[in-house]
Amino acid sequence: AEFFSRDFSQDNNKVAANKNAFVLLGQHRYAMAATFFVLGGKLHDAVEVCLHQMADLQLAIVLHRALAEEDLNVGDMLRETLQAYEHLSVASFLRHW
């Protein structure tokens, strides 16, 4: 609980959050890993976890919409997310055949 009281606008706390995210990935705790990536300011990595490990397109879109910085083109980011999900869906379908 003490960890979450840190100021995640500071670089050293962001680094700690990202290190924890990678540990959580190794433990297959994907939702928590995505959460720590968000705390660490790694939105793209959080979305990648949602898509590739969790296969949760809706959560990936929500993260984009809620957390994308104003100066980023959210439309392009969402398009990339949807394209990545489309490729995953096709690859998953082909594996079953």
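**Packing of helix 3 against helix 4 in a predicted all-helix model**

In helix 3, residues L43, A46, V47, C50 and L51 meet L57, L59, A60, L63, H64 and L67 of helix 4, where contact denotes heavy atoms within 4.5 Å. Classified by residue type, this contact of helix 3 with helix 4 comprises 10 nonpolar residues, 1 polar residue and no charged residues; Ala, Val, Leu, Ile, Met, Phe, Trp, Tyr, Cys and Pro count as nonpolar, Asp, Glu, Lys and Arg as charged, and the others, Gly among them, as polar. The structure is a predicted model, in which local features require pLDDT of at least 70 and side-chain atom pairs count only at pLDDT 80 or more, whereas totals for chains, interfaces and linings use all residues. Numbering starts from 1 along each chain as its sequence is written, and side-chain values use heavy atoms, with hydrogens and water left out.

The axes of helix 3 (residues 43-53) and helix 4 (residues 57-67) come within 8 Å and cross at roughly 165°. Axes here are lines fitted to C-alpha atoms, for helices over the stretch in contact, and angles run from 0 to 180 degrees between N-to-C directions. Helix 3 and helix 4 are therefore roughly antiparallel, a label applied to angles over 145 degrees. The crossing of helix 3 past helix 4 is right-handed, that is, the near helix is turned clockwise from the far one by less than a right angle.

The buried residues of helix 3 are L43, A46, V47, V49, C50 and L51, with buried meaning under 20% relative accessible area, exposed over 50% and partly exposed in between (1.4 Å probe, protein chains only). D45 also lies in helix 3, but counts as partly exposed because its relative accessibility is 29%. The C-alpha atom of D45 is separated by 9.3 Å from that of A33, 12 residues apart along the chain. Between helix 3 and helix 4, the loop contains A55, a residue other than glycine whose phi is positive, near 50°.

A second residue with positive phi is H28, with a value near 60°. H28 is placed in the loop between helix 1 and helix 2 (30-39), and it counts as exposed because its relative accessibility is 56%. In helix 1, by contrast, lies N18, which counts as buried because its relative accessibility is 9%. Apart from neighbours within four places in sequence, N18 is in contact with F36, F37, G40 and K42.

Over the whole chain, there are 5 helices and 0 strands, the elements running α-α-α-α-α from the N terminus. Helices (H or I, at least four residues) and strands (E, at least two) are DSSP runs, numbered from the N terminus. Of the 97 residues in the chain, 27% are buried. Among contacts with a separation of 6 or more, 30% involve residues 24 or more positions apart.

The mean pLDDT of the chain is 83, with 76% of residues reaching 70 or more; pLDDT is the predictor's confidence in each residue, from 0 to 100.

Methods:
Parallel < 35°, antiparallel > 145°, perpendicular 65-115°, else oblique.
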